[in-house]
Amino acid sequence: MLNPLITTIANPPAIVLAVVATLLVVLVGSLKGTGWEPTTDISDEVLQKRAAAVPETEFPEPGNRSIGGGGGGGAIPAGGDGEEGELEDGDAGGSGPGDIPEDEVEYFEVEFVKQGETVELSNNEPILEQGEDEGWDLPYACRQGQCVSCAGRIADGPSEDFVEHDNQQMLEEAEIDDGYTLTCVAYPRDSFSIETGEAP
Ligand code: FES
C-alpha cells in the first residue's frame, strides 16, 4: 500500500484541492475577525468628570495644568496700551528741591540755636544733612518725612515761610503754622533760626 503523501503528490488534482481548501480556511478566518473592537474614546468624558470634582483655585495655574478652572496661565502682558514707561500717578519723574542744579543753588544764613552757631545752608540739601555735615549729632529715624524724630522749630513763624518741605507726611497745618518742621525733608528758602530736637 502506498503512503497517502506519496499518493497526494502523485495526484495533481488532489494538490489543487488541498490548496483551495487551505485558502478557504484562511479566508473564512479573516472574515470572521478576532472579535476585538476599539474602545470608545472616553478621554473627554473623564476630563469633564475630573473638572467637576476639582474645586476652583483662586490663583492662576501655569499653562495646561489647570483643571476645572483656575484660568489663564498667569502670563504677564509685556506692556499696556501705549503706557509703557509711564509712572502710575502720571508723574514723569518731576523735580524736587533736591534737584536744583549747582549753578542755581542759593545759600541762606541759618542759626542753630542749641548748637550756638550760624552757618550757611544751601537750598538743595535738607537741613538735617547740612547740620550733620557740620558734625552735629542731630536726631532722626526714617529720613523720609514719615516720623517726627527729626523735628525742629523755627520760632519766627510758619515754618513754610522759611523752608520747603519735600513730601513731609506727619505735620498738621497748625503745627507748620506754629513753626515746626521735619528737618530731613526741609530745604531752606530764607534765613532763619531753628531749634533742633523740638517736636509738636
Ligand atoms: S527722620 Fe523721620 S521725619 Fe525726619
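Reply: Asn167 sits in the loop between strand 4 (163-165) and helix 5 (173-177). In this predicted model, its phi is near 70°, a positive value in a residue other than glycine. Most residues other than glycine have a negative phi. Asn167 counts as exposed because 10 other C-beta atoms lie within 10 Å of its own, and the limit for exposed is 12 or fewer.

Arg143 belongs to the loop between helix 4 and strand 3 (151-153), and although it is not a glycine, it has a positive phi of about 60°. Arg143 is partly exposed, with 16 other C-beta atoms within 10 Å. Another loop residue, Asp99, is found between helix 3 (43-53) and strand 1. Asp99 is exposed, with 10 other C-beta atoms within 10 Å.

The protein chain has five helices and seven strands, and from the N terminus on they run α-α-α-β-β-α-β-β-α-β-β-β. Five of the strands make an open sheet in the order 2-1-7-3-5, with mixed pairing. Strand 2 (117-122) and strand 5 (180-182) stand at the edges with a single partner strand each, so one side of each has no neighbour in the sheet. From one strand to the next, the twist averages 40°.

Strands of a sheet pair through backbone hydrogen bonds, either parallel or antiparallel. Strand 1 (residues 107-112) pairs with strand 2 in the antiparallel sense over six bridges. Within this pair, Val119 of strand 2 is the bridge partner of Val110, and Phe108 stands opposite Leu121. The two strands form a hairpin with four residues between them, and Gly116 in the turn has a positive phi of about 70°. Strand 1 also runs parallel to strand 7, to which three bridges join it. There, Phe112 stands opposite Ile194.

The largest nonpolar core has 21 residues, and Ile127, Cys150, Leu182, Ala186 and Ile194 touch the most other members. Strand 1, helix 4 (127-133), strand 5, strand 6 (186-188) and strand 7 (192-196) each supply at least two residues of this core. Ile127 shows how separate parts of the sequence meet: leaving aside neighbours within four places in sequence, it is in contact with Leu121, Val163, Thr183, Ala186, Pro188 and Ile194. Over the protein chain, residues 24 or more positions apart account for 52% of the contacts with a separation of 6 or more. Of the 200 residues, 18% count as buried.

A word on confidence. The mean pLDDT of the protein chain is 76, and 55% of its residues reach 70 or more. Over residues 59-92 the pLDDT is below 50, and beyond near neighbours in sequence this stretch has 24 contacts in the model. Where pLDDT is low, the predicted coordinates should not be read in detail.

Conventions
Residues are numbered from 1 along each chain as its sequence is written. This is a predicted model: local features need pLDDT of at least 70, side-chain atom pairs count only at pLDDT 80 or more; totals for chains, interfaces and linings use all residues. A residue is buried if 20 or more other C-beta atoms lie within 10 Å of its own, exposed if 12 or fewer, and partly exposed in between; C-beta atoms are placed from the backbone. Two residues are in contact if their C-beta atoms, placed from the backbone, lie within 7 Å. Two strands pair if DSSP finds at least two bridges between them. Axes are lines fitted to C-alpha atoms, for helices over the stretch in contact, and angles run from 0 to 180 degrees between N-to-C directions. A nonpolar core is a set of buried Ala, Val, Leu, Ile, Met, Phe, Trp, Tyr and Cys residues joined through C-beta atoms within 7 Å. pLDDT is the predictor's confidence in each residue, from 0 to 100.
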